[in-house]
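Subject: Structure for your review

Dear colleague,

Please find below the structure that I am handing over to you. My notes on what was found in it follow directly after.

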Number of protein chains: 2
Amino acid sequence: MQAADASLDLVYAALADSTRRTIVSMLAHGDATVGTIAARFPMSLNGVSKHLKVLERAGVLERTIEGREHRLRLAPGRLDDAARWLDHYRRFWESRLDALEGLLVQQHGPQTATRPTTRRTARKRR
Amino acid sequence: MQAADASLDLVYAALADSTRRTIVSMLAHGDATVGTIAARFPMSLNGVSKHLKVLERAGVLERTIEGREHRLRLAPGRLDDAARWLDHYRRFWESRLDALEGLLVQQHGPQTATRPTTRRTARKRR
């Protein structure tokens with residue numbers, strides 16, 4: 001297995017948990033301490049620490065230790081790799097979604113084919 | 001945990017394996033039989049079947065059984081959800097990547113800050 005493959009394995013595995021995705025979303029809004037992150041979840045500090053380590057090993061976050069304070073911030077590179085992998089195949093499934101939408105419209109009329117706004121927006125932007 | 005969270009867990013976990021990502025890339029280019037997919041990998045049919053089941057449970061592929069032939073095709077909805085989740089946070093890490101690039105240029109000159117072409121392209125498209 002190539003290094004890039006192993007790295008994507010770790011990033012997607014890190015994202016395959018809703019607690020870890022919430023941590024990513026918190027850090028996307030700004031750096032935070034371990035204490036701030038831990039306070040957000042109804043679980044032990046030890047439990048949160050394990051999730052943080054999974055994200056750290058995947059290269060999704062970076063930890064800086066200043067005295068007794070552990071500061072965390074999002075490390076963008078690996079998340080970007082994961083997003084680009086999906087982007088590469090997106091054009092294939094978007095053409096399939098368009099075909100399904102076309103079929104729905106043909107069978108039931110245009111009001112049946114409403115897709116989520118975020119996706120429409122994402123497509124318009126490109 | 002909400003249904004959308006559980007669904008994202010399964011999709012990202014399904015993508016956290018290079019064999020399964022290769023299967024996704026094969027199906028992105030067109031529908032295929034289980035036999036065609038299995039022939040691509042140096043592992044038992046049983047091994048490949050397990051990977052296919054993980055992708056199927058995650059809603060990433062659909063299987064149609066016609067007589068003895070199992071046809072597989074990419075199901076676009078869940079992959080789209082996974083890509084959109086990443087898109088939502090992308091603007092945060094892209095601003096960080098821009099800051100890092102700015103810092104590199106400041107310290108070592110413009111030739112040091114070359115980013116992968118695919119990322120540049122992906123950004124231009126939006």
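Between chain A and chain B, about 3900 Å² of area is buried, and carbon and sulfur atoms give 63% of that area. Three residues stand out on one side: A:R21, A:W93 and A:R96 supply 16% of the area that chain A buries against chain B, more than any other three residues. Please bear in mind that this is a predicted model, and that the values given here are computed from it.

The interface

In terms of contacts, 41 residues of chain A touch 41 residues of chain B. The rule finds six salt bridges across this interface, and it also finds eight residue pairs in polar contact between chain A and chain B. On the side of chain A that touches chain B, the elements giving two or more residues are α1, α2 (18–28), β3 (69–74), α5 (76–108) and α6 (117–125) of chain A. Of these, α5(A) gives the most, with 17 residues. Sorted by class, that side of chain A has 22 nonpolar, four polar and 15 charged residues.

Salt bridges between the chains

One of the salt bridges joins the side chains of A:D5 and B:R21, with a distance of 3.5 Å from N to O. The pair joins two chains, because A:D5 lies in helix α1 (residues 3–15) of chain A and B:R21 in helix α2 (residues 18–28) of chain B. The two partners can also be described by their accessibility. A:D5 has a relative accessibility of 25% and therefore counts as partly exposed. B:R21, in contrast, is buried, since its relative accessible area is 3%, and the cut-off for buried is under 20%.

A further salt bridge is formed by the side chains of B:R90 and A:D87, at 2.8 Å from N to O.

Salt bridges within a chain

Over all chains, the structure holds 20 salt bridges. Among them is the pair A:E56 and A:R63 in chain A, whose side chains meet at 3.0 Å, N to O. Both residues count as partly exposed: A:E56 has a relative accessibility of 30%, and A:R63 has one of 25%.

In chain B, B:E62 forms a salt bridge with B:R73, and their closest N and O atoms are 3.5 Å apart. This pair links distant parts of the chain, as B:E62 is in strand β2 (residues 61–66) of chain B and B:R73 is in strand β3 (residues 69–74) of chain B, 11 residues apart. At 38% relative accessibility, B:E62 is partly exposed; B:R73 is likewise partly exposed, with a relative accessible area of 32%. Elsewhere, salt bridges that share partners join A:D87, A:R90, A:E94, B:D87, B:R90 and B:E94 into one network.

The sheet in chain A

Chain A has an open sheet of three strands in the order β1-β3-β2, with antiparallel pairing. Its edge strands are β1 (32–33) and β2 (61–66) of chain A, each of which pairs on one side only. The antiparallel pairing of β1(A) and β3(A) runs over two bridges.

With kind regards

Notes
Residues numbered from 1 in each chain as written. Chains lettered and ligands numbered in written order. Predicted model: local features only at pLDDT ≥ 70, side-chain atom pairs only at ≥ 80, totals over all residues. Heavy atoms only, no water. Salt bridge = Lys/Arg side-chain N within 4 Å of Asp/Glu carboxyl O. Helix = DSSP H or I, 4+ residues; strand = E, 2+ residues; numbered from the N terminus. Buried < 20%, exposed > 50% of the residue type's maximum accessible area, 1.4 Å probe, protein only. Contact = heavy atoms within 4.5 Å. Buried area = accessible area lost by both parts, 1.4 Å probe. Polar contact = N/O pair within 3.5 Å; in protein donor to acceptor, adjacent residues only side chain to side chain. Nonpolar A, V, L, I, M, F, W, Y, C, P; charged D, E, K, R; others polar. Pairing = 2+ DSSP bridges.
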